[in-house]
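I opened the file to look up a helix, a sheet and some pockets. My notes follow the order in which I checked them.

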Amino acid sequence: MTVKVVYFSWLRERFGMSEEQLDLPEAVKSISDLFDWFEARGEEFAAVMEHRDIIQVAIDQTHVQDKNSLIGDAKEIAIFPPMTGG
Amino acid sequence: MSTKPDIRIQQDDFDINAEIKKLTQGRTDIGAVVTFSGLCRGESDTLSALELEHYPGMAEAEITRIAEQAIKRFGLLGISAIHRHGKIKPGENIVLVIAVSPHRQASFDGANFLMDFLKTRAPFWKKNHLINGDDGGWVDAKDTDDDALAKWEKK
């Protein structure tokens, strides 16, 4: 499954990119699975995932509170730290 | 008549009076206008600018969702919100919210509600740029912003 993943704020800086197309394995079904997959992806990704409890996710531009939510046929997944607008 | 929120994300500054006029011109049913504007603080002359990053598309969509809730919950006759992005210097505007209603309480509550939810749900992130040239880092989210949402829980 190919999905566009976008990063913001310090996640974007740490990963050194604002977006990428990811070809995810079949086993990655939920946001939680995706975070596990990131942990195994390399040092920098694992370091960011140490903050996985505060990292937030939007699927197709809608907030997802439950990390067990399924990715399904999402077109775009956004991963970012707590928001600080206003 | 259904009320549609007017939500804009832009780099440019905004004119508060012009925005009030857009909401009120030609209407006689509005009895109250509440505006909130948020400005960039200089943090005791240490900050050269705030850099506002946003998630294009979702930023508009999320503030629109919050504004639609505010209209419904408080019976607003209109609501506008403008959030700027890019580099913003101390003293400059960051955000504007205007709520209009027949009586004042709905507008006060509507503007307050929109700001409280915007702070924690609208995809914006602030980075500090310091006068001494140092990287001031990303602004941390405040627990007080999360706490502010509790008062809107329906009892």
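**Sheet, helix, pockets**

I began with β7(B), residues 124–130, which pairs with β8(B) in the antiparallel sense over two bridges. The model is a predicted one. Across from K127(B) I found W138(B), in β8(B).

Next I looked up the whole sheet. It is open, has four strands in the order β5-β3-β7-β8 of chain B, and its pairing is antiparallel. β5 (86–88) and β8 (135–138) of chain B are at the edges with a single partner strand each, so one side of each has no neighbour in the sheet. From one strand to the next the twist averages 25°.

Then I checked the length of α2(B), residues 58–74. At 1.5 Å a residue its 17 residues should span 24 Å, and the end C-alpha atoms are 24 Å apart, which agrees. Buried residues of α2(B) include M58(B), I63(B), I66(B) and F74(B). Just after the helix, G75(B) has a positive phi of about 65°.

Last came the pockets. I noted a volume of about 400 Å³ for the largest pocket. It is lined by 20 residues, and the closest to its centre are G86(A), R41(B), K119(B), K126(B) and K142(B). β2(B) gives the most to this lining, with three residues. I sorted the lining of the largest pocket by class: eight nonpolar, five polar and seven charged residues.

The second largest pocket holds about 330 Å³ of space. Among its 18 lining residues, Q56(A), P82(A), M83(A), T120(B) and D146(B) are the closest to its centre. Here α4(B) gives the most to the lining, with four residues.

Terms used. Residues numbered from 1 in each chain as written. Chains lettered and ligands numbered in written order. Predicted model: local features only at pLDDT ≥ 70, side-chain atom pairs only at ≥ 80, totals over all residues. Heavy atoms only, no water. Expected span 1.5 Å × (residues − 1). Buried < 20%, exposed > 50% of the residue type's maximum accessible area, 1.4 Å probe, protein only. Pairing = 2+ DSSP bridges. Axes fitted to C-alpha atoms, helices over the stretch in contact; angles between N-to-C directions. 1 Å grid on protein atoms, 1.4 Å probe; cavity = no way out; pocket = protein on both sides within 12 Å on 5 of 7 lines; lining within 4 Å. Points joined across faces, edges and corners; volume = space filled by probe spheres on them. Nonpolar A, V, L, I, M, F, W, Y, C, P; charged D, E, K, R; others polar.
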